[in-house]
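Dear colleague,

Please find below the structure that I am handing over to you. A summary of the findings follows it.

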Amino acid sequence: MGFKDEFRRYVPDRQKRCATIIHGASAASGAAAAAAIIPGSDSVAIMPVQVAMITALADEFDVPWTDSAVRAALYASLGRIVGKGGAGLLLRWIPVYGNLIRAAVAASVTEALGWAVVKKLSADGRLT
C-alpha cells in the first residue's frame with residue numbers, strides 16, 4: 001500500500017485531504033518566501049511548492065496531469081504573484097517585517113491558488 005492509499009485511509013474525506021495538501025503547501029511557501037534574501041527570489045522559491053501542490057491535488061482527484069497542464073494552472077496564478085510584486089518591492093527592504101509580510105503574502109497566494117485548483121477540478125475534472 002502506497003502513501004496515497006494510506007493518506008486516503010486515514011483521512012477519508014476528500015475536502016479534508018485537499019485542505020491538508022493546500023495548508024502544507026501554504027506553510028512551505030511562506031517559509032520559502034521568508035527565507036529568500038535576494039530581491040525577487042521569493043517567487044522563484046515558492047513556484048516548486050506550488051507545482052507540487054497542483055500535482056498532489058490532481059492526483060487526489062485522479063486527474064492525469066502533464067507538464068503543460070500544470071504550467072497552465074500555475075501561470076494562471078502569475079497575475080496574483082505579479083500583483084503582490086509592487087507592494088513586495090517596497091516591503092522587501094524593511095528588516096524583519098518585510099520578511100514576515102512576504103511570507104504571509106506568499107502563503108495566502110498559495111492558499112488561494114490551491115482552492116482555485118480544487119474548484120476547477122471539482123467542476124470539470126481538468127486542470128486546464
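In this predicted model, helix α2 passes helix α6 in a right-handed crossing (a crossing is right-handed if the near helix is turned clockwise from the far one by less than a right angle, and left-handed if anticlockwise). Helices here are DSSP runs of H or I with at least four residues, numbered from the N terminus.

Residues are numbered from 1 along each chain as its sequence is written, and side-chain values use heavy atoms, with hydrogens and water left out. Local features need pLDDT of at least 70 and side-chain atom pairs count only at pLDDT 80 or more, whereas totals for chains, interfaces and linings use all residues.

The axes of α2 and α6 lie 7 Å apart, at an angle of about 150°; axes are lines fitted to C-alpha atoms over the stretch in contact, with angles from 0 to 180 degrees between N-to-C directions. The two helices α2 and α6 are therefore roughly antiparallel (over 145 degrees; under 35 counts as roughly parallel, 65 to 115 as roughly perpendicular and the rest as oblique). Among the α2 residues that meet α6 are Cys 18, Ile 22, Ser 29 and Ala 33, and their counterparts in α6 include Arg 102, Ala 106, Thr 110 and Val 118, contact meaning heavy atoms within 4.5 Å. By class, this contact has 11 nonpolar, 8 polar and 2 charged residues; Ala, Val, Leu, Ile, Met, Phe, Trp, Tyr, Cys and Pro count as nonpolar, Asp, Glu, Lys and Arg as charged, and the others, Gly among them, as polar.

Helix α2 (residues 14–35) also packs against α3, their axes coming within 8 Å and crossing at roughly 170°. That makes α2 roughly antiparallel to α3. Their contact comprises 13 nonpolar, 1 polar and 4 charged residues.

The axes of α3 (residues 41–60) and α6 (residues 97–124) come within 10 Å and cross at roughly 25°, which means that α3 is roughly parallel to α6. This crossing is right-handed as well. The contact of α3 with α6 divides into 11 nonpolar, 3 polar and 2 charged residues.

Two local features remain. The charged end of Arg 14 sits over the ring of Phe 61, 4.3 Å from its centre (the criterion being CZ of Arg or NZ of Lys within 6 Å of the ring centre and within 35 degrees of the ring normal). Asp 62, in the loop between α3 and α4, has a positive phi of about 55° although it is not a glycine. Most residues other than glycine have a negative phi.

With kind regards
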